[in-house]
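Visitor: I have a model open and want to learn how to read it. Can we go feature by feature?

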Amino acid sequence: MQTWEYARLVINWVDVNYSACKLTLFMPGGRKAVSSEATEDAWSFFDKQLSELGREGWELVNVAPMAGGLGEARTTAWHLWFKRPVDS
């Protein structure tokens, strides 16, 4: 049976002055997370992580937009889910 590992790349857009990005890897050995620092542009971090996931053989399997905001529903975050087979 094929075994998979998963990754979630999240970009949160708060306002024009602040965004945050986090990559979480769900691997057989446990969870590993890295995120954009306050001094790093979240969108540059997002682009870099997206490119690295592609080079490492991760396949995009789902995109989940998340709504938020006060008094109105609008997309404020995107969760991108990836998977790749675990080498046995």
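Visitor: Which residue forms a salt bridge with Glu 5?

Guide: The general idea comes first. Side chains of opposite charge can pair when their charged atoms come close. In this predicted model, the partner of Glu 5 is Arg 84, and their closest N and O atoms are 2.5 Å apart. The structure holds one salt bridge.

Visitor: Which parts of the chain does the pair tie together?

Guide: Glu 5 lies in strand 1 (residues 4–15) and Arg 84 in strand 5, so the bridge ties together parts that are 79 residues apart in sequence.

Visitor: Are Arg 84 and Glu 5 buried or exposed?

Guide: Both Arg 84 and Glu 5 are buried.

Visitor: Now the aromatic rings. How many aromatic pairs does a search of the whole structure find?

Guide: Two. A pair of aromatic rings is described by the distance of the centres and the angle of the planes. Take Phe 26 and Trp 81: the centres are 5.8 Å apart, with 20 degrees between the planes, and the pair is stacked. Planes under 30 degrees apart count as stacked.

Visitor: Where in the chain are Phe 26 and Trp 81?

Guide: Phe 26 is in strand 2 (residues 18–27), and Trp 81 is in strand 5 (residues 74–85). They are 55 residues apart, and the pair links distant parts of the chain. Trp 81 counts as partly exposed because its relative accessibility is 26%.

Visitor: Why is the pair of Trp 43 and Phe 46 edge-to-face?

Guide: Look at the angle. The planes stand at 65 degrees and the centres are 5.7 Å apart, so the pair is edge-to-face. The cut-off for that class is over 60 degrees. Trp 43 and Phe 46 are three residues apart in helix 1 (residues 42–55), so about one helical turn separates them.

Visitor: What lies over the face of Trp 4?

Guide: Lys 83 does, at 3.9 Å from the ring centre.

Visitor: Let us step back to the fold. How do the elements run from the N terminus on?

Guide: The order is β-β-β-α-β-β. That comes to one helix and five strands.

Visitor: How do strand 2 and strand 3 run?

Guide: Antiparallel, with six bridges joining strand 2 to strand 3 (residues 30–35). The two form a hairpin, with two residues between them. Met 27 has Gly 30 as its bridge partner in strand 3. Lys 22 stands opposite Ser 35.

Visitor: Where is Ser 36 found?

Guide: Ser 36 sits in the loop between strand 3 and helix 1. Its relative accessible area is 12%, so Ser 36 is buried. Setting aside neighbours within four places in sequence, Ser 36 contacts Ala 20, Cys 21, Ala 42 and Phe 45.

Visitor: On to strand 5. How should I think about side chains along a strand?

Guide: In a regular strand the side chains alternate between the two faces of the sheet.

Visitor: Is His 79 buried or exposed?

Guide: His 79 counts as buried because its relative accessibility is 17%. Trp 78, with a relative accessible area of 29%, is partly exposed.

Visitor: Which residues does Trp 78 touch, not counting residues up to four places away in sequence?

Guide: Trp 78 touches Leu 9, Val 10, Ile 11, Trp 13, Ala 64 and Pro 65. The C-alpha atoms of Trp 78 and Ile 11 are separated by 5.5 Å, though the two residues are 67 apart along the chain. With that exclusion again, the contacts of His 79 include Arg 8, Asn 62, Val 63 and Met 66.

Visitor: Finally, the whole protein. What share of its residues counts as buried?

Guide: Of 88 residues, 31% count as buried. The accessible surface comes to about 6,000 Å², and carbon and sulfur atoms account for 52% of that. For contacts between residues at least 6 apart in sequence, 46% join residues at least 24 apart.

Terms used:
Residues are numbered from 1 along each chain as its sequence is written. This is a predicted model: local features need pLDDT of at least 70, side-chain atom pairs count only at pLDDT 80 or more; totals for chains, interfaces and linings use all residues. Side-chain values use heavy atoms; hydrogens and water are left out. Rings of Phe, Tyr and Trp (its six-membered ring) pair if their centres lie within 6.5 Å; planes under 30 degrees apart count as stacked, over 60 as edge-to-face and the rest as tilted. Helices (H or I, at least four residues) and strands (E, at least two) are DSSP runs, numbered from the N terminus. Buried means under 20% relative accessible area, exposed over 50%, partly exposed in between (1.4 Å probe, protein chains only). A charge sits over a ring if NZ of Lys or CZ of Arg is within 6 Å of the ring centre and within 35 degrees of the ring normal. Two strands pair if DSSP finds at least two bridges between them. Contact means heavy atoms within 4.5 Å. Accessible areas come from the Shrake-Rupley method with a 1.4 Å probe; for residues, only the protein chains shown count as cover. A salt bridge is a side-chain nitrogen of Lys or Arg within 4 Å of a carboxyl oxygen of Asp or Glu.
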